[in-house]
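Let's take a friendly walk through a protein model, with the sequence and the structure side by side. Have both open as you read.

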Amino acid sequence: MKAIIALFFISILIYSCGSKKRVISQRPSTERKTETARDQVEDNTTVVGERPGVTKTYASATEAYIDTYKEIAKREMELYHIPASITLAQGILESGSGRGRLSIEANNHFGIKCHDWTGKKIYHDDDRSQECFRKYNDAKYSFRDHSLFLAERKRYAFLFDLDKFDYKAWAKGLRAAGYATDRRYPQKLIDLIERYRLYQYDRENFVLESEPSVQVAESQIRHTVIKGDTLYSISKKYDTTVETLRKINGLKDNILSIGQILLIQL
């Protein structure tokens with residue numbers, strides 16, 4: 001009888017150990033399948049562009065460029081009334097859809113040269129060997145400088161009397177004002193705008209629904225961020241508010257970079 005009872009308990013112990021072993025051995029198999037599936041998705045996904053957290057596939061570098069910078073171009077149009085289609089087309093043409101050396105190494109999408117620039121610089125062969133070009137910490141500052149370049153020079157003043165939705169008039173006006181020497185420059189811009197339907201961004205969400213529109217006063221100045229500057233200290237210096245500075249300059253946070261240019265509304 002004792003032998004039978006002992007055999008019974010031994011059988012239970014063996015069965016229990018075997019069950020535990022089988023459960024444990026299944027878990028690594030499940031984890032490997034999960035990792036394999038994830039790796040397969042990543043291998044089949046082409047990530048293009050500079051938008052953090054966004055995974056998309058594009059037919060060309062130009063389409064990736066448009067998707068990356070269209071919101072910046074729309075913001076610049078809201079503030080300066082330069083057609084977003086014109087800004088995007090110029091950026092595509094002058095930066096090689098973001099693949100040119102100046103755009104890659106200096107975030108300079110419009111080939112703006114140093115002139116009175118006090119920020120970072122890069123040297124690049126253009127009309128002459130090793131000319132000085134502006135270097136930006138972020139591409140959006142290049143777009144802002146492009147807007148200011150047109151808005152602050154008298155020879156481009158007549159452009160702002162044009163219909164902001166008339167991209168053809170703007171393209172021809174830029175050539176007439178001496179922006180480019182290439183006779184085909186206007187047609188190149190128009191072709192890009194019509195091929196990629198960039199004109200849709202001139203009217204799409206012109207006044208951002210998520211934020212109240214900020215009217216830019218005629219009296220404006222630019223502030224170049226230096227070491228120790230904060231949005232709070234700058235707001236006190238110019239008797240404005242941090243929130244106003246953020247809205248005017250399209251900032252999503254309070255982080256500033258040395259050499260960054262801020263538009264100040266007086």
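Pro83 lies in the loop between α2 and α3 (84-95). Helices here are DSSP runs of H or I with at least four residues, strands are runs of E with at least two, and both are numbered from the N terminus. Pro83 counts as buried, with 0% relative accessibility; buried means under 20% relative accessible area, exposed over 50%, and partly exposed in between (1.4 Å probe, protein chains only).

Which residues does Pro83 contact, leaving aside its neighbours within four places in sequence? They are Met77, Lys164, Trp170 and Asp202, where contact means heavy atoms within 4.5 Å.

## About the model

Please keep in mind that this is a predicted model: local features need pLDDT of at least 70, side-chain atom pairs count only at pLDDT 80 or more, and totals for chains, interfaces and linings use all residues. Residues are numbered from 1 along each chain as its sequence is written, and side-chain values use heavy atoms, with hydrogens and water left out.

## Two residues of helix α2

Thr62 belongs to helix α2 (residues 61-80) and is buried at a relative accessible area of 10%. Its side chain makes a polar contact of 2.7 Å with that of Ser97. A polar contact is a pair of N or O atoms within 3.5 Å; within protein, one must be able to donate a hydrogen and the other to accept it, and residues adjacent in sequence count only if both atoms are side-chain atoms. Not counting residues up to four places away in sequence, Thr62 touches Ile92, Ser97 and Tyr196.

Lys74 is also placed in helix α2. Is Lys74 buried or exposed? Lys74 counts as buried, at 5% relative accessibility, and its side chain is joined to that of Glu71 by a polar contact of 3.2 Å.

## The nonpolar cores

The largest nonpolar core has 44 residues. Such a core is a set of buried Ala, Val, Leu, Ile, Met, Phe, Trp, Tyr and Cys residues joined through side-chain atoms within 4.5 Å. Among the members that touch the most other members are Ile86, Leu150 and Tyr156. Two or more residues each come from α2, α3, α5, α6 (167-176), α7 (185-195) and β4, and α2 gives the most, with seven residues.

Ile86 touches Tyr167, Trp170, Ala171, Leu174, Leu189 and Ile193, not counting residues up to four places away in sequence. A second, separate core of nine residues includes Leu231, Leu245, Leu262 and Ile264.

## Rings

There are ten aromatic pairs in the structure. One of them, Phe149 with Tyr156, is tilted, at 5.9 Å centre to centre and 45 degrees between the planes. Rings of Phe, Tyr and Trp (its six-membered ring) pair if their centres lie within 6.5 Å, and planes under 30 degrees apart count as stacked, over 60 as edge-to-face and the rest as tilted. Phe149 and Tyr156 are both buried.

Ring pairs also link Tyr65, Tyr69, Phe110 and Phe143 into a cluster.

## Helix α10

In helix α10 (residues 242-249), the residues Leu245, Ile248 and Asn249 are buried. They lie on the same side of α10, because they cover an arc of only 85 degrees around the axis; the arc is that of the directions from the helix axis to the C-beta atoms. Their cover includes α2, α5 (139-151), α9 (231-237) and β4 (261-265). Gly250 follows α10 and has a positive phi, near 65 degrees.
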